[in-house]
Amino acid sequence: MGMLQDDVVLIRQSESEGEPSVITVNCPDQIGLGCDLCRIILFYGLNIVRGDISTDGKWCYIVFWVTGNSKTRWASLKKRLVEACPSCYLASGIAYNNSDLQPPKPPDVFLLKFCSYDRKGLQHDVTWVLCELEFTIKKVKVSTTPDGKVMDLFFITDTRELLHTTKRQRDMYDQLKLVFGEEIISFGIEMLGPEVTTCLQRSSFLPSVFTEDIFDMEFQNHNKLSSGSLTSNGVSISLDNSLSPAHTLVQIVCQYQKGLLYDIMRTLKDYNIQLSYGRFTTKQGRNCEVDLFIVQADGKKIIDPSKQNAFSNRLQMELFRPLSVAVVSRGPDTELLVANPVELSGEGRPLVFFDITLALKLLDSGIFLAEIGRYVIQDREWEVYRVLLDEGENSSVPRNKIEERVWKALMGWE
């Protein structure tokens, strides 16, 4: 007898303002499941303020307490979470995972061509509409013409998998029309072929001048800024093999930041580490304590000191600075660079462009050019956002203020 999908994910919405909603997941386990669930929750604009995870290696039980978005489409969120869970069946009380029988089909990629008259905050408003309609932005190219027009090329996927339908395309246009009105000059959507999709997924090497801007300059120059402005303050990580006969205990104490649990789970997934039990709590909304009981893919503790150090150092780096932010000179122009690591599975951090455009809109700073690309930097794949700022006559925002505002928006400290 099959297990009902309604029982896989249960959501209890908050009954009073300020109280968290509770998401419960009960399904077969697999390495990386926690990362996939956290990424989806982050995509919907929610913050995980508490979490409990337990598994016997075959079946898992996960509870997330979430806050942050009063307009959450809970039915859609539940559908996405259920789809991320391994398929399961019960036969004579034995659960088995059949997710390998039919590999998931990669989502279709569409090109949105959107042309309008330029204004401050335009890119954020377009991005806001796309995120509200549950589209994932894979790549973007934005250009401004001398006569005050903007051409946006958004390469997107549809989490609802309905963008091939006339109704879904009409819904997108109606939402953009509601926001932009007569500012819209042209609008079009087309599905891209597999050859274009493959090209979008291909990574290239970024010129060294950019890697120096993103990585070297930030360490050298921005440590002078106020504490916590461009790095997460006070990350403590310890590994202990003495408290459990079968597991390595990882204890983390750090400052709360948006996507914190996602960054932890992403690191576990990339290292192919199985989480058997975990607890995540926040105190006074700023400090976090995390306890994780983990094993390697072979079911054994992490005993090798070199493996312990490599894992601990990577985890510390991901929590200390999960994204890199720099504002640099490009001749007479100013460019904002933001980079975040891509999971080994190829998934990137959600809502980064949304946060960047929101911060620039609040600073009243315009965007002249923008693009997103995948690049190999220091033997890792990174998603790099390059934004050429529109420094008009009324623009006088100091560069360090731009960096700090963008960083705080990405970390959820605004």
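A residue counts as buried under 20% relative accessible area, as exposed over 50%, and as partly exposed in between. The exercises below apply this and related criteria to a predicted model.

**Exercise 1.** Classify Tyr271 and Phe311 by relative accessible area, then determine the geometry of their ring pair.

*Solution.* 
1. Tyr271 has a relative accessible area of 31%. This value falls between the two cut-offs, and Tyr271 is therefore partly exposed.
2. Phe311 has a relative accessibility of 1%, so Phe311 is buried.
3. The structure contains seven aromatic pairs. In the pair of Tyr271 and Phe311, the ring centres are 5.7 Å apart and the planes stand at 75°. Planes over 60 degrees apart count as edge-to-face, so this pair is edge-to-face.
4. Tyr271 belongs to the loop between helix H7 (260-270) and strand E14 (274-283), whereas Phe311 belongs to helix H8 (residues 305-320); the pair therefore ties together parts that are 40 residues apart in sequence.

**Exercise 2.** Locate the largest cavity relative to the domains and characterise its lining.

*Solution.* 
1. The whole structure holds four cavities of 30 Å³ or more, and the largest has a volume of about 160 Å³.
2. Its lining comprises 17 residues, with Gln30, Gly32, Leu33, Gly34 and Leu275 nearest the centre.
3. Helix H1 (33-43), strand E3 (47-55), strand E4 (59-67), H7 and E14 each give two or more residues to this lining.
4. By type, the lining residues are 10 nonpolar, five polar and two charged.
5. Domain 1 (9-91) and domain 3 (235-320) both contribute to the lining, so the largest cavity lies between them.

**Exercise 3.** Characterise the lining of the second largest cavity by element, residue type and domain.

*Solution.* 
1. H1, E3 and H7 are the elements giving two or more residues, and H7 supplies the largest share, three residues.
2. The lining has nine nonpolar residues, two polar and no charged.
3. Domain 1 (9-91) and domain 3 (235-320) each provide at least three residues to the lining of the second largest cavity.

Technical notes: Residues numbered from 1 in each chain as written. Predicted model: local features only at pLDDT ≥ 70, side-chain atom pairs only at ≥ 80, totals over all residues. Heavy atoms only, no water. Phe/Tyr/Trp six-rings, centres within 6.5 Å; stacked < 30°, edge-to-face > 60°. Helix = DSSP H or I, 4+ residues; strand = E, 2+ residues; numbered from the N terminus. Buried < 20%, exposed > 50% of the residue type's maximum accessible area, 1.4 Å probe, protein only. 1 Å grid on protein atoms, 1.4 Å probe; cavity = no way out; pocket = protein on both sides within 12 Å on 5 of 7 lines; lining within 4 Å. Points joined across faces, edges and corners; volume = space filled by probe spheres on them. Nonpolar A, V, L, I, M, F, W, Y, C, P; charged D, E, K, R; others polar. Domains from an automatic or database assignment.
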